[in-house]
Amino acid sequence: MDARPKTRPVNRERNTPSTQPPRGAKQIVIPMTRPQYDQIWHETERLRAFVAEWVRSAPELFPDGFDQGYRLHGFGRESRKLPGLKLRKIILADGDSYWLRPSFIVGYMTGTVDELAYPLLLAEHGVPPWLLKIGFGHSEMFWYRVIERLGRSSLVGTTVRDPAQLPVHLAADEHHADWVGQKGYVATTVGGGCILGVALTSAADEEHLQEAYGVFAAEARDVEPEYAPQTVNIDGWAATQNAFHSLFASIAVILCFLHGFLKIRDRCRKVHELHRRVWQVYRAASAEEFRRLMDEFQQWCTTETLTAPVREMLAKLWSKTESYAAAYDHPGCHRTSNAVDRPMNRLYRLIYASRGLHGHQGSSELRLRGWALLHNFRPYAPRGKCPRAFVSPAHRLNGKRYHDHWLHNLMASTSLMGFRNPKPAIR
């Protein structure tokens, strides 16, 4: 008789989105350090002046109607996790109530920025929870949940603070992942150098991918209701193309040239002259020059001795000439999938180190989203002689930041959980 405990089957289908506002969407996060908290948090007039300054400089942190007036309405309960720290309740002129939270307190009163900044930076770089437990205490599940709770915020709304900065050129792809012993797909959307969409789905057909990429579309339209990206770069998977056409009717699909080259390279790794000529075609300055160079390249190939598998891939490359040339109609678009491949490479290593995804769809997806936010806000590696103009992907996209410290900046960006219109909620 098998004495092993029976495992409960994991639900691999997406749950119906809740119609209730997301938990935490009623918290206004303002950039504030612990010394500032100690000085002004309990003094009404000084706190009001501090809040008024942020209303002027960063109105996106506050809900609609905040400029019509509000009143302070006491304090929240003291958390056992953070003794001596309390949130402040405010009530707007229309009667709606919110909680005011300083940015040095991490969401759900989990800890402070000083305590969690370094371990979360390590987590973004792939350090597993069991090592974080050894180095910083708590339990493994504590570190799982810290990242999971970050993922509850709107990925687009938290990253893109100004609707005008929403990228018009996207790149998207699906990464295969082991999910509770079966194949899962992580639908990833990238734009402006940041990860803007991460959704887990059980199949890569049109229906499932439309639902997965629809999470990004819904969050983007919460930031800008009329959002309509111009292009999306994909690897040629028909279901991905149809999903984006269903979500954004006017979007132009740009076929990835890199994937066409890789199929050729994998079948003839040592023919370097062939590789050079493929990229010579790619570097054409205009659509007309691209077509001309492609014709010349095709003529050159007829004089070379190439194997049948290589010629088959070359024929596919030539047949897609017009699809590749369409990129010249959209200056600034992604002609290759590098923009999405690089963050997906980091994501792949993270999933592999964890030996796949082990939880329900909701919890697994939230952890991926939480990691994506850490990726967007974590600081770049320092440069020796060439200082960077921007310190993180989100800083580069928005052109500004709320605080010099990366985790303070992330916490402030999660004000209202990144949602502009949390009633009704997207998730």
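User: Is isoleucine 134 buried or exposed?
Analyst: Isoleucine 134 is exposed, with a relative accessible area of 63% (buried is under 20%, exposed over 50%, partly exposed in between; 1.4 Å probe, protein chains only). This is a predicted model, in which local features need pLDDT of at least 70 and side-chain atom pairs count only at pLDDT 80 or more, while totals for chains, interfaces and linings use all residues. Residues are numbered from 1 along each chain as its sequence is written, and side-chain values use heavy atoms, with hydrogens and water left out.

User: Where is isoleucine 134, then?
Analyst: Isoleucine 134 belongs to helix α4, residues 129–136 (helices are DSSP runs of H or I, at least four residues; strands are runs of E, at least two; both are numbered from the N terminus).

User: Changing topic: how many salt bridges does the structure hold?
Analyst: The structure holds 15 salt bridges (a side-chain nitrogen of Lys or Arg within 4 Å of a carboxyl oxygen of Asp or Glu). One of them joins glutamate 273 to arginine 276, with the closest N and O atoms 2.7 Å apart.

User: Where do glutamate 273 and arginine 276 lie?
Analyst: Both are in helix α10 (residues 272–282), three residues apart, about one turn of the helix. Glutamate 273 is partly exposed at 32% relative accessibility, and arginine 276 is partly exposed at 42%. Elsewhere, salt bridges with shared partners link Glu124, Arg346 and Arg378 in one network.

User: What does glutamate 43 pair with in a salt bridge?
Analyst: Glutamate 43 meets arginine 46, at 3.6 Å from N to O. Glutamate 43 is partly exposed at 38% relative accessibility, and arginine 46 is likewise partly exposed at 41%.

User: How far is glutamate 43 from arginine 88?
Analyst: Their side chains are 9.5 Å apart, and glutamate 43 is the nearest side chain of opposite charge (Lys and Arg count as positive, Asp and Glu as negative; His and the chain ends are not counted). Arginine 88 is buried yet has no salt bridge.

User: What lies 2.9 Å from a polar atom of the arginine 88 side chain?
Analyst: The backbone oxygen of tryptophan 41 lies at that distance. Arginine 88 sits in strand β3, residues 88–92. Beyond neighbours within four places in sequence, its contacts (heavy atoms within 4.5 Å) include Trp41, His42, Phe75 and Tyr98.

User: And threonine 188, buried or exposed?
Analyst: Threonine 188 is buried, with a relative accessible area of 1%. Strand β6 (residues 182–191) contains threonine 188. Leaving aside neighbours within four places in sequence, threonine 188 touches residues including Asp173, Tyr213 and Met344.

User: What is phi of arginine 355 near?
Analyst: Phi of arginine 355 is near 55°, a positive value in a residue other than glycine. Arginine 355 is in the loop between α14 (338–353) and α15 (361–377), and arginine 355 is exposed at 53% relative accessible area.

User: What about phi of methionine 417?
Analyst: Phi of methionine 417 is near 60°, again a positive value in a residue other than glycine. Methionine 417 lies in the segment after α17 (406–413) and counts as buried at 6% relative accessibility.

Terms used. A polar contact is a pair of N or O atoms within 3.5 Å; within protein, one must be able to donate a hydrogen and the other to accept it, and residues adjacent in sequence count only if both atoms are side-chain atoms.
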